[in-house]
Amino acid sequence: MTHTLTGMTAVVTGAGSGIGRATAHAFADRGANVLAVGRTREKLVATAGDRSSIVPLSADVTGRTSPTAIIEAALETFGGIDVLVHSAGSLRRTPLGTICADDFDRFMAVNLRAPLLLTQAAMAPLTRSRGTIVNVSASFGQRGWPGLSLYGAAKAGLDCFTRTWAGELADRGIRVVSVAPGPVETPILENNALDDRAVTTIHRLHELLPLARLGSAEEVAWWIVNFAEPLAAYTTGAILPVDGGYGAV
Ligand SMILES: NC(=O)c1ccc[n+]([C@@H]2O[C@H](COP(=O)([O-])OP(=O)(O)OC[C@H]3O[C@@H](n4cnc5c(N)ncnc54)[C@H](OP(=O)(O)O)[C@@H]3O)[C@@H](O)[C@H]2O)c1
């Protein structure tokens, strides 16, 4: 194991499972400290396991005071922030004709508003560290997918944040990228009120991919962590598909 990120601190939302958990592990295994954020404490404690450099913080990223509380916790615990990874997200089927205003607000609050407000809260420490922001978007944001219009719109919005913030934050030395996964085997497919048909469709989507399989959380996390490496310093505003070729066909 090479400790190329020793001394760095990563704040990872959605770190209680899936891609966020794999990202927390990957940062810790390269020597970084990690503030692991999510709503369910037991899941975060399980993410930390015996890695003492991962510190759990229970917080709902959509809470009014959460952005400030999360950033203050990172500064108090580790003294700075070098990387901010927005992996918290939720997936739900929202066919056109069934969506009410509250659904829209709840959905956008976690998938789009939370990354925006947490990024704003982190601007000063990220400026001091000349840090990196990684938005976990989705290949669904780049193509239409029946029943997932809100999810796709939120993820397309996140990619727009990436491109726009890259320009807005470059003079502070902050880089911004999206990692856009295709179908990845994580609890999101079971936890988020997708109906059986949608789950089956997503699980079978891999049959249509050039690489003909689902991805793993570790394969997504590897890219997220590499964007924090010094040799990624010339990359900003990029949207990287990690999708088995979904976007290419
Ligand atoms: N898996 C895929 O196929 C796939 C494909 C494309 C994109 N993505 C994206 O990848 C990201 C990670 O998803 P995943 O696949 O790793 O799913 P996951 O295992 O369900 O992880 C999502 C995490 O977000 C946390 N979370 C949800 N709402 C939250 C809130 N309001 N505040 C704080 N934490 C919250 C959840 O924990 P708590 O419930 O304990 O808070 C959960 O641990 C998401 O943004 C997702 O949209 C996934």
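This is a predicted model: local features need pLDDT of at least 70, side-chain atom pairs count only at pLDDT 80 or more; totals for chains, interfaces and linings use all residues.
Residues are numbered from 1 along each chain as its sequence is written, and side-chain values use heavy atoms, with hydrogens and water left out.

**View 1**
The ligand has 29 residues around it, and Ser17, Ile19, Thr40, Tyr151 and Thr186 come nearest; a residue counts as near if one of its heavy atoms lies within 4 Å of the molecule. A polar side-chain atom of Thr40 is 2.5 Å from an oxygen atom of the ligand. For Thr186, an N or O atom of the side chain lies 2.5 Å from an oxygen atom of the ligand. On its own the ligand has 870 Å² of accessible area, and the protein covers 95% of this (Shrake-Rupley method with a 1.4 Å probe; for residues, only the protein chains shown count as cover). Helix H1 (18-29) and helix H6 (149-169) are the elements that give two or more residues to the shell. Helices (H or I, at least four residues) and strands (E, at least two) are DSSP runs, numbered from the N terminus. By residue type the shell has 13 nonpolar, 12 polar and four charged members. Here Ala, Val, Leu, Ile, Met, Phe, Trp, Tyr, Cys and Pro count as nonpolar, Asp, Glu, Lys and Arg as charged, and the others, Gly among them, as polar.

**View 2. The nonpolar cores.**
The largest nonpolar core has 38 residues, of which Val11 and Ile70 touch the most other members. Such a core is a set of buried Ala, Val, Leu, Ile, Met, Phe, Trp, Tyr and Cys residues joined through side-chain atoms within 4.5 Å. Buried means under 20% relative accessible area, exposed over 50%, and partly exposed in between (1.4 Å probe, protein chains only). At least two residues of this core come from each of strand E2 (33-38), helix H3 (66-78), helix H4 (101-121) and H6. H6 gives the largest share, eight residues. Not counting residues up to four places away in sequence, Val11 touches Leu35, Val37, Ile70, Ala74, Ile81, Val83, Leu84 and Val85; contact means heavy atoms within 4.5 Å. A second, separate core of 32 residues includes Leu5, Ala10, Ala26 and Val225. In soluble globular proteins, nonpolar side chains tend to be buried together.

**View 3. Asp103 in helix H4.**
Asp103 lies in helix H4 and is buried, because its relative accessible area is 14%. The side chains of Asp103 and Arg92 make a polar contact of 3.4 Å. A polar contact is a pair of N or O atoms within 3.5 Å; within protein, one must be able to donate a hydrogen and the other to accept it, and residues adjacent in sequence count only if both atoms are side-chain atoms. Apart from residues up to four places away in sequence, Asp103 touches Arg92, Thr98 and Leu150.

**View 4. Ser178 in strand E6.**
Ser178 is in strand E6. With a relative accessible area of 0%, Ser178 is buried. Its side chain is joined to that of Asp159 by a polar contact of 2.7 Å. Beyond its neighbours within four places in sequence, the contacts of Ser178 include Asn135, Leu158, Thr162 and Ile239.

**View 5. Helix H9 and its cover.**
In helix H9 (residues 217-226), the buried residues are Ala217, Val220, Ala221, Ile224, Val225 and Asn226. Their cover includes H1, strand E4 (83-86), strand E5 (132-136), strand E6 (175-181) and strand E7 (239-242).

**View 6. Loop residues.**
Most residues other than glycine have a negative phi. Arg130, not a glycine, has a positive phi of about 50°. Arg130 lies in the loop between helix H5 (123-129) and E5 and is exposed, with a relative accessible area of 58%. Ala212 also is not a glycine and has a positive phi of about 55°. Ala212 sits in the loop between helix H8 (196-204) and H9, and at 44% relative accessible area Ala212 is partly exposed. Gly237 is in the loop between H9 and E7 and counts as partly exposed, at 22% relative accessibility. Gly237 and Arg163 are 74 residues apart along the chain, with their C-alpha atoms separated by 4.5 Å.
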